[in-house]
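Please walk through this model with me, one region at a time. Keep the structure open alongside the text.

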Amino acid sequence: NKIIFVDLGSGQLELIKQNFSDFAIIDHHQPMPLEHELQFNPILFGFDGGFEISGAGSAFFVAKEISKKNFDLSSLAVVGAVGDIQDGSGKLIGLNSEILREAEENNLIKKEIDLRLYGRISRPLAQFLSFSSSPLIPFLTANEENCYKFLRNLGIELKIGEKWKSYSQLNAEEKQILSSALLTHLVEHGYSEQKAHFLIGEVYTLLKEKQDSPLRDAKEFATLLNSCGRNSKPEIGIQICLGDREIYYSQALSLLAEHRLLLRNSIEWVKQNGLQEFSNFYLFDAGNNIPETIVGIVAGMIFGAGIIEADKPIIAFANEEKDRIKVSGRATSELVDKGINLSKAFREVCSELDEKSLGGGHKIAAGCLIQGNEKQLFLQKLEEKLSQQFQVF
């Protein structure tokens with residue numbers, strides 16, 4: 001039977017060839033300089049796999065070649081792109097924009113220009129603001145009480161009856177008032193107008209989903225699928241993508257609740273144990289206290305938790321099996337603008353370690369696996385790489 005590697009494989013082609021004879025690869029990561037007949041990777045055709053096309057998008061193009069009837073999978077490809085943070089510039093570009101256009105033309109997705117914060121549908125308004133980490137909102141991020149005051153001062157009602165109101169439930173005038181106030185707030189606290197407007201951009205509504213479902217928003221859909229994978233239940237996410245909105249969907253919502261609780265507890269662990277500050281990054285070593293499957297997400301959330309300044313990337317360690325360490329790195333869009341490229345730094349460091357160390361990802365988020373005895377050497381080399389990136393800027 002043929003084995004198909006999806007969203008990986010191009011960078012591990014030599015290793016795969018050593019272990020498998022009949023396989024295909026559908027990927028968007030940087031490929032090795034080796035040829036394989038059954039490999040589809042848009043990078044080989046001149047596209048940027050970091051921003052223009054995701055693994056889901058690559059799989060979508062293959063599915064369409066199999067059957068034109070698979071156009072209805074375009075909305076899932078958009079969810080995949082958003083989940084891979086490929087809308088980081090405020091919109092989808094390149095091949096992603098072509099997929100989006102197809103989804104719009106078939107009335108599967110509605111694209112709007114709106115606030116791009118996570119949780120338009122699922123989070124109460126105050127949490128919608130207080131959990132913002134990209135961008136960080138001075139005096140509002142990680143300060144729910146200030147968020148309540150901010151919203152009340154704008155005259156926005158926070159409840160509908162006894163239920164907390166979400167952003168999606170605001171009328172057009174209330175959305176305009178909130179958006180304008182947030183932009184003004186950012187400029188007043190030192191953001192350039194250009195940076196402040198990063199708050200506004202494309203958002204994607206899946207029109208076939210119910211109004212109050214987290215699956216209706218592309219970012220929230222991606223998070224729900226992520227919670228399935230992070231909890232070692234990928235089959236549940238697959239069933240949801242195949243259309244289940246009953247048994248598996250209910251299980252996914254439970255996993256999402258568990259996922260959020262685990263994240264909250266992990267954030268608390270970091271707060272209690274603190275981070276080490278290096279010249280060019282912050283570090284926390286979770287050991288066995290945070291699962292390696294979510295340590296990267298926790299690292300990203302630290303920026304919005306008010307624990308540290310957002311002036312350097314965050315690096316996190318978590319124990320994996322066989323005396324290996326999962327390393328995750330997270331930055332902000334502001335740090336990327338200052339020259340930080342975590343994917344490049346991780347790849348370069350790993351190339352200088354032993355052959356079992358593999359690293360990569362994106363400028364803003366990357367990861368790798370190292371041997372347990374390589375911690376200090378990894379940190380030393382990472383300091384050098386990030387220092388060079390900051391100096392170039």
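What follows is a tour of a predicted model, from a sheet and its rings to the salt bridges.

Start with the sheet. Three strands make it up, in the order E1-E2-E3. The sheet is open and its pairing is parallel. Strand E1 (3–6) and E3 are the edge strands. Each of these two pairs on one side only. Look next at how E1 meets strand E2 (residues 23–26). Four bridges join them, and the two strands run parallel.

Now turn to the rings. A pair of aromatic rings is described by the distance of the centres and the angle of the planes. How many aromatic pairs does the structure hold? There are nine. One of them is Phe5 with Phe23, whose ring centres are 6.3 Å apart. The planes stand at 80°, over the 60 degrees required, so this pair is edge-to-face. Phe5 belongs to strand E1 and Phe23 to strand E2, so the pair ties together parts that are 18 residues apart in sequence. Are these two residues buried or exposed? Both Phe5 and Phe23 are buried.

A second pair is Tyr148 with Trp164. Their ring centres lie 5.7 Å apart. Their planes meet at 45°, so the pair counts as tilted. Tyr148 sits in helix H6 (residues 144–153), while Trp164 sits in strand E6 (residues 163–164). The pair therefore ties together parts that are 16 residues apart in sequence. Trp164 has a relative accessible area of 42%, so this residue is partly exposed. A charge also sits at Trp164: the charged end of Lys159 is over the ring, 4.5 Å from its centre. Another ring has a charged residue over its face. Arg116 lies over Phe198, at 5.6 Å from the ring centre.

Go back to the sheet and follow the chain out of E3. Asn41 lies in the loop between strand E3 (39–40) and helix H2 (55–66). Is Asn41 buried or exposed? Its relative accessibility is 0%, so Asn41 counts as buried. Which side chain does Asn41 meet in a polar contact? The partner is the side chain of Ser10, at 2.9 Å. Leaving out residues up to four places away in sequence, Asn41 touches Ser10, Asp27, His28, His29 and Pro31.

Phe47 is found in the loop between E3 and H2. Here the accessibility is 31%, so Phe47 is partly exposed. Beyond its neighbours within four places in sequence, Phe47 is in contact with Pro42, Glu52 and Leu95. Take Leu95 in particular. Phe47 and Leu95 are 48 residues apart in sequence, yet their C-alpha atoms are 8.1 Å apart in space.

A search of the whole structure finds 18. Among them is the one between Asp285 and Lys375, with the closest N and O atoms 2.6 Å apart. This pair links distant parts of the chain, 90 residues apart. Asp285 is in strand E9 (residues 282–285), and Lys375 is in helix H15 (residues 375–392). How accessible are the two ends? Asp285 is at 31% relative accessibility, so this residue counts as partly exposed. Lys375 is at 21%, and so counts as partly exposed as well.

Glu348 and Lys344 both lie in helix H14 (residues 342–352), four residues apart, or about one turn of the helix. Their closest N and O atoms are 2.7 Å apart. Glu348 is partly exposed, at 23% relative accessible area. Lys344 is partly exposed too, at 37% relative accessibility.

Arg324 and Glu320 make a further salt bridge through their side chains, at 2.8 Å from N to O. Arg324 is partly exposed, with a relative accessible area of 26%. Glu320 is partly exposed, with 23%. Finish at Glu352, which is linked with Lys381 and Lys385 in a network of salt bridges.

How values were computed:
Residues numbered from 1 in each chain as written. Predicted model: local features only at pLDDT ≥ 70, side-chain atom pairs only at ≥ 80, totals over all residues. Heavy atoms only, no water. Buried < 20%, exposed > 50% of the residue type's maximum accessible area, 1.4 Å probe, protein only. Polar contact = N/O pair within 3.5 Å; in protein donor to acceptor, adjacent residues only side chain to side chain. Contact = heavy atoms within 4.5 Å. Salt bridge = Lys/Arg side-chain N within 4 Å of Asp/Glu carboxyl O. Pairing = 2+ DSSP bridges. Phe/Tyr/Trp six-rings, centres within 6.5 Å; stacked < 30°, edge-to-face > 60°. Lys NZ or Arg CZ within 6 Å of the ring centre and 35° of its normal.
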